[in-house]
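Please keep the model in view while reading.

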Amino acid sequence: MVLPRHQVQGELSPLPAIRNIIAVGSGKGGVGKSTTAANLAVAAAQRGLRVGLLDADIYGPSIPTMLGVSGRPDSPDGKHIEPLKAHGLQIMSIGLLVESDTPMIWRGPMATSALSQLLNDSLWDDLDLLFVDLPPGTGDIQLTMAQKIPVAGAVIVTTPQEVATLDARKALRMFEKMEIPVLGLVENMSLHICSSCGHAEPIFGEGGGEKMAAEYQVPFLGQLPLQRRIREQGDAGVPLVIAEPESEAAAAYQQVLDALLSELAKRPKTRGTLDLNLA
């Protein structure tokens with residue numbers, strides 16, 4: 001199964017080894033963006049797609065921990081680096097190149113240069129999808145993404161609460177101004193179900209993500225639960241969709257992925273690409 005290349009923003013062209021880059025943003029931290037990106041990437045790999053995950057959070061990389069990878073990547077020629085592989089993914093992060101407790105005390109230009117190198121100097125191997133886990137906010141990294149990196153679409157992660165959707169709105173507007181299509185919005189931590197008694201409670205409120213999607217006329221890709229096992233598996237380096245593939249939470253990630261691929265398929269394709277039957 002091969003995904004076609006889809007149109008990217010501005011005058012940029014898709015990268016030779018990557019057919020589609022999907023940016024995953026949030027506008028604020030703490031909403032589970034990295035956990036969502038990791039589980040969606042693994043879910044896509046489980047479908048037979050060739051998938052990569054780039055950790056673009058230069059100051060606070062978390063993808064190596066969530067995917068259980070460590071060690072420095074190899075460089076076959078002293079100029080390029082081989083992404084690490086785990087769970088069917090090709091993975092790259094600044095966290096693989098420095099010690100885990102080393103702070104990146106860099107100004108914006110250094111951070112954006114590092115992102116460009118992680119993307120362009122990595123030997124990605126024929127990817128259908130590269131998920132890019134963006135840092136929180138709307139700063140230098142996001143600006144570099146818009147100006148220099150050919151993005152097929154963006155996904156915005158929020159929680160239902162108003163304080164989260166306020167920042168998610170800024171992220172959405174940022175992508176719109178950068179001419180990057182927003183493929184949809186994901187509402188994370190929508191409902192907590194007690195593991196002891198089964199009581200369901202919307203701790204962070206109800207309907208905030210769906211309401212925001214309707215207000216800005218972007219697709220609502222679905223809801224993800226607030227569940228202890230999701231956090232535990234992220235800390236253990238084995239995403240939930242691998243550790244508990246038959247669980248309701250894993251099914252929720254798969255449903256979000258279905259919606260994401262459906263929205264991507266609606267985007268214009270570049271010339272000379274084959275269509276994909278998602279049926």
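**Helix packing and a cavity**

The axes of helix α3 (residues 108-120) and helix α4 (residues 140-148) come within 9 Å and cross at roughly 45°. Axes here are lines fitted to C-alpha atoms, for helices over the stretch in contact, and angles run from 0 to 180 degrees between N-to-C directions. Helices (H or I, at least four residues) and strands (E, at least two) are DSSP runs, numbered from the N terminus. This is a predicted model, in which local features need pLDDT of at least 70 and side-chain atom pairs count only at pLDDT 80 or more, while totals for chains, interfaces and linings use all residues. Residues are numbered from 1 along each chain as its sequence is written, and side-chain values use heavy atoms, with hydrogens and water left out.

α3 and α4 are therefore oblique to each other, the term for angles that are not under 35 degrees (roughly parallel), over 145 (roughly antiparallel) or 65 to 115 (roughly perpendicular). In contact, meaning heavy atoms within 4.5 Å, G108, A111, T112, L115 and S116 of α3 meet D140, I141, T144 and K148 of α4. These residues divide into 3 nonpolar, 4 polar and 2 charged. In this classification Ala, Val, Leu, Ile, Met, Phe, Trp, Tyr, Cys and Pro count as nonpolar, Asp, Glu, Lys and Arg as charged, and the others, Gly among them, as polar.

A further pair is formed by helix α5 (residues 162-177) and helix α6 (residues 208-216), which pack at an angle of about 35° with their axes 11 Å apart. From α5, T165, A168, R169, L172 and R173 meet G208, G209, M212, E215 and Y216 of α6. The contact comprises 4 nonpolar, 3 polar and 3 charged residues.

Helix α1 (33-46) packs against helix α9 (residues 248-265) at about 75°, with the axes 9 Å apart. α1 and α9 are therefore roughly perpendicular to each other. On the α1 side the contact involves T35, T36, N39, L40, A43, A44 and Q46, and on the α9 side Y253, Q254, V256 and L257. By class, 6 of these residues are nonpolar, 5 are polar and none is charged.

α1 also takes part in the lining of the second largest cavity, to which α1 and α7 (228-236) each supply at least two residues. This lining consists of T35, A38, N39, M66, I230, Q233, G234, P239 and L240, with 5 nonpolar, 4 polar and no charged residues. A cavity is a set of points, on a 1 Å grid over the protein atoms alone, where a 1.4 Å probe fits but cannot get out; lining residues have an atom within 4 Å of a point.

How values were computed:
On a 1 Å grid over the protein atoms alone, a cavity is a set of points where a 1.4 Å probe fits but cannot get out, and a pocket is an open set with protein on both sides within 12 Å along at least five of seven lines; lining residues have an atom within 4 Å of a point.
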